[in-house]
Amino acid sequence: MTPTPAPALLSAALAAAERGWPVFPLRPGDKRPAGHPERHCPGAGRCSEGHRTPEQRATLDGQQLAQCWQAAPYNVGIATGPASLVVVDLDVPKDDTDTPPTEWAGAADGLDVFAMLCERAGERLPTETYTVRTRRGGQHLYFTAPAGKQLRSTADVLGWKVDTRAWGGYVVAAGSAVGGASYEIIHDASPALLPAWLTDLLTPKPAPAPMPLAELSARMRNATAYSTAALRGELEKVLSAREGGRNRAVYFAAYALARMIRSGDLAEAAVSSELMSAGQSIGLPAGECRTAIRSGFVRGGALEVSAA
Ligand SMILES: [Zn+2]
């Protein structure tokens, strides 16, 4: 595979900037940002007043872009937040073992899941918008961000293999190539406004206040004060879990509490139902929540692994 010559990549950077999308360089042939990560910041040069993230460095300035892309055949990153974009990233499975959770059974990839999501919402698949084919055959659907909202990137919020890139994220622009495979525009339309129903799904729900200990104790009949406090501690961890760490938070909570289920201090059904509501209240889909709890229980010795 011959690398894409630099002039083509400069054109790709300029084309994105002309659409009003601030761009920054990605490593040649790679999807990671060029330059140093925050943990290796030298605190000098462009970072003399503190580390500057790719999102902060992204620019529309043609002269800066020309200078940058003359130095190396960088791929092009679009800083979706500053570009006022919300890009729906429809991915494909990594391999044969990468299969959908029960909630999305039958789906072959992110596009299938997105179609199912639209159908469940009673909405049309919003395909009349700027679309890029990704290097592994997925799609990036570009939407204009709704006014007055700063949506952040999401993973696993909409569904299996359906992520979104907004503030805090970026996309590899059309014209870039990773591992010899290129990102190509497959529908050259103007980005449509993000449909309202998707905006709703992507707007974080305010985290519910942790339940008062007394109320939890009442619901955990027969539980000791110690085990009820432990349960509340685990629920609080789940409720404060960050995007991307939600599944893990539920899993670890189930794992930690498995010990008390084993010793008979907490009832499995009760713990399970509390973890389900905590997990779902932070936006984890029910199916994933259930799987994470089950895995945590099994790993923690509260459940026998049953034959499937
Ligand atoms: Zn830095």
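## The model and its overall build

The structure is a predicted model, in which local features need pLDDT of at least 70 and side-chain atom pairs count only at pLDDT 80 or more, while totals for chains, interfaces and linings use all residues. Residues are numbered from 1 along each chain as its sequence is written.

The protein has 10 helices and 12 strands, where helices (H or I, at least four residues) and strands (E, at least two) are DSSP runs, numbered from the N terminus. Taken along the principal axes, a box of roughly 70 × 45 × 40 Å holds the C-alpha atoms of the protein. Of the 308 residues, 38% are buried; a residue is called buried if 20 or more other C-beta atoms lie within 10 Å of its own, exposed if 12 or fewer, and partly exposed in between, with C-beta atoms placed from the backbone.

Two residues are in contact if their C-beta atoms, placed from the backbone, lie within 7 Å. Among the contacts with a separation of 6 or more, 73% are accounted for by residues 24 or more positions apart.

## Two domains

The protein is divided into domain 1 (6-202) and domain 2 (213-299), with bounds that come from an automatic or database domain assignment. The C-alpha centres of domain 1 and domain 2 are 34 Å apart, and 8 residues of domain 1 are in contact with 9 residues of domain 2. On the side of domain 1 that touches domain 2 there are 3 nonpolar, 2 polar and 3 charged residues. In this count Ala, Val, Leu, Ile, Met, Phe, Trp, Tyr, Cys and Pro are nonpolar, Asp, Glu, Lys and Arg are charged, and the others, Gly among them, are polar.

## Nonpolar cores

In soluble globular proteins, nonpolar side chains tend to be buried together. A nonpolar core is here a set of buried Ala, Val, Leu, Ile, Met, Phe, Trp, Tyr and Cys residues joined through C-beta atoms within 7 Å. The largest such core has 49 residues, of which A13, A16, V23, V76, I78 and A173 touch the most other members. Helix α1 (residues 6-18) gives the most to this core, with 6 residues.

Once neighbours within four places in sequence are left aside, the contacts of V76 include L9, A12, A13, A16, V23, L26 and A173. Another core, of 27 residues, lies apart from the largest one, and M220, A223, Y251 and M260 are among its residues.

P54 lies in helix α2 (residues 54-57) and is buried, because 20 other C-beta atoms lie within 10 Å. Not counting residues up to four places away in sequence, P54 touches F24, P33, G77, A79 and Y170.

D95, by contrast, is found in the loop between β3 (85-90) and α4 (110-121), and D95 is exposed because it has 6 other C-beta atoms within 10 Å. D95 and A218 are 123 residues apart in sequence and, C-alpha to C-alpha, 47 Å apart in space.

## Positive phi angles in loops

Most residues other than glycine have a negative phi. S84 counts as partly exposed, because it has 18 C-beta neighbours inside 10 Å.

K161 also has a positive phi, of about 65°, and lies in the loop between β6 (154-159) and β7 (162-165). With 24 C-beta neighbours inside 10 Å, K161 counts as buried.
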